[in-house]
Amino acid sequence: MVGLSVTSSVVGWGFPYGQQKVRGVNLGGWLVLEPWITPSIFDDTGDSRVIDEWTFGQYVKNSTAASVLQNHWNTWITEDDFRQIADAGLNHVRLPIGYWAFDVSNGEPFHQGQLPYMRRAFQWAAQYNLKVIVDLHGAPGSQNGFDNSGQKLPAPATRSTWQNKQQNIDRTNAIIKRIAAEVQGNSGVVSVIAPLNEPAGFVGGNMMDVVKAYWKSSYQSVRDYTNNIVVLIHDAFQGVSYWDGFMQPSDNYNGVALDTHIYQVFSDDQVAMSNAQHIQQACSQASSLAGAPLWTIVGEWSPAKTDCAEYLNGRGVGARYDGTKSGSSFHGSCNGMSGSARTFSASYKKFLRQFWEAQTITYEKGQGWLMWTWKAENADEWSYQAGLANGWIPRDPTDRQYPNICN
């Protein structure tokens, strides 16, 4: 088992990693708001300053915000979603949660109340035999400046401020200890802890030094409480091979896995690609995943080929694909590329199926995958649930219409 100690079978991870493939989905937009996943929550504020969960707490009346969040947490993901996920042949869910669910201080405007829902998710997962990856999606100061970290920051100079204060690192580590304490002895359900989503390695400066030190300290934070939960570190946008020789079993790091996220919509070059080029690009990842220095999972990816989903690039920000995002050029109309699947052509749905298969086949050259995301209000091309309902995602994730698509 690449990246896992030879003693791992003795330790007993909560899932037979290295023997079975991870096939799963993200519960995006539930315990961490994202404007593009639930645009109605943001539109209903009537305030264009509300662009992330921080500003939602900052600018929306306290009682209103609390009520909206409570209703959202109660309805966006329910037990029936876990049943549907299990019925679709999946074995994992990744659960993004923000630091503010555990710790709000210094006048931070975040609302709390997420933890009972996290615990409910553990119960539902146990009921439907799903494994949970608890993913710390936002850290104090923001580790990437994306709205999905809870706080969108201006780019590029201040894209991330998490790394600039030791207090931020210490608070983040304390939360990892709380998560580990919460789930110790429950590795049969919570089999993985991911100490931080997408730290922005691309900002330069001291970022990668801080990230590498944090991966080691957060690993120890987990191991202080449990020896049989896998610790999933993100590649910090550096690519898989960057991590050659890092946190290996030979250095007494056991049960460390690497998370990489593969999207093809966040640059002008990517959205300009043809269908065949998108598929070829997906297939080209096979060798790096197969030869990865650690046990590697593609923890986020999508069959989307455009960035047309409303607010995907941020509330009030347009798309590269149709040239409405500042600085981008027109590549095509977004009509029929996003929103309801009712607007999708038969040929587009066929492509979504081919692209989905090319990616899942390729990512299983590594240790598996978790698609982003389970559901979205108005972006069916990103939704696993919509893909199942409309035929471009199979009811059995091993069912292939195009088994040789990467050959």
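Biologist: How do α7 and α8 run relative to each other, roughly parallel or roughly antiparallel?
Modeller: In this predicted model, α7 and α8 pack at an angle of about 30 degrees. Angles under 35 degrees count as roughly parallel, so α7 and α8 are roughly parallel to each other.

Biologist: Nice. Which residues are those two helices, and how far apart are their axes?
Modeller: Helix α7 covers residues 166-183 and helix α8 covers residues 207-223, and their axes are 9 Å apart. The crossing of α7 past α8 is right-handed.

Biologist: Which residues meet there?
Modeller: From α7 you have I169, T172, N173, I176, K177 and A180. They meet V210, Y214, S217, S218, S221 and V222 of α8. Sorted by class, this contact has 6 nonpolar, 5 polar and 1 charged residues.

Biologist: And what about α6 and α7, at what angle do they cross?
Modeller: Helix α6, residues 115-127, crosses α7 at roughly 40 degrees, and the axes come within 12 Å. That angle makes α6 oblique to α7. The α6 and α7 crossing is right-handed.

Biologist: Who meets whom in that one?
Modeller: L115, M118, R119 and F122 of α6 meet R178, E182 and V183 of α7. By class there are 4 nonpolar and 3 charged residues, with no polar ones.

Biologist: Switching topic: which residues touch the most other members in the largest nonpolar core?
Modeller: Those are W30, W36, W382 and Y384, in a core of 115 residues. Helix α8 gives the most to this core, with 8 residues.

Biologist: Back to W382, what does it touch?
Modeller: Leaving out residues up to four places away in sequence, W382 touches a list that includes W36, Y263, F266, L312, M371 and W372. Also among its contacts are S302, T306 and T373.

Biologist: One more, E357. Is it buried or exposed?
Modeller: E357 has a relative accessible area of 0%, so E357 is buried. You can find E357 in helix α12, residues 346-363.

Biologist: What is E357 in contact with, beyond its sequence neighbours?
Modeller: Setting aside neighbours within four places in sequence, E357 is in contact with D399, R400, Q401, Y402 and P403.

Biologist: And how far is E357 from P397?
Modeller: In sequence, E357 and P397 are 40 residues apart, while in space they are 8.8 Å apart, C-alpha to C-alpha.

Technical notes
Residues are numbered from 1 along each chain as its sequence is written. This is a predicted model: local features need pLDDT of at least 70, side-chain atom pairs count only at pLDDT 80 or more; totals for chains, interfaces and linings use all residues. Side-chain values use heavy atoms; hydrogens and water are left out. Axes are lines fitted to C-alpha atoms, for helices over the stretch in contact, and angles run from 0 to 180 degrees between N-to-C directions. Helices (H or I, at least four residues) and strands (E, at least two) are DSSP runs, numbered from the N terminus. Angles under 35 degrees count as roughly parallel, over 145 as roughly antiparallel, 65 to 115 as roughly perpendicular and the rest as oblique. A crossing is left-handed if the near helix is turned anticlockwise from the far one by less than a right angle, and right-handed if clockwise. Contact means heavy atoms within 4.5 Å. Ala, Val, Leu, Ile, Met, Phe, Trp, Tyr, Cys and Pro count as nonpolar, Asp, Glu, Lys and Arg as charged, and the others, Gly among them, as polar. A nonpolar core is a set of buried Ala, Val, Leu, Ile, Met, Phe, Trp, Tyr and Cys residues joined through side-chain atoms within 4.5 Å. Buried means under 20% relative accessible area, exposed over 50%, partly exposed in between (1.4 Å probe, protein chains only).
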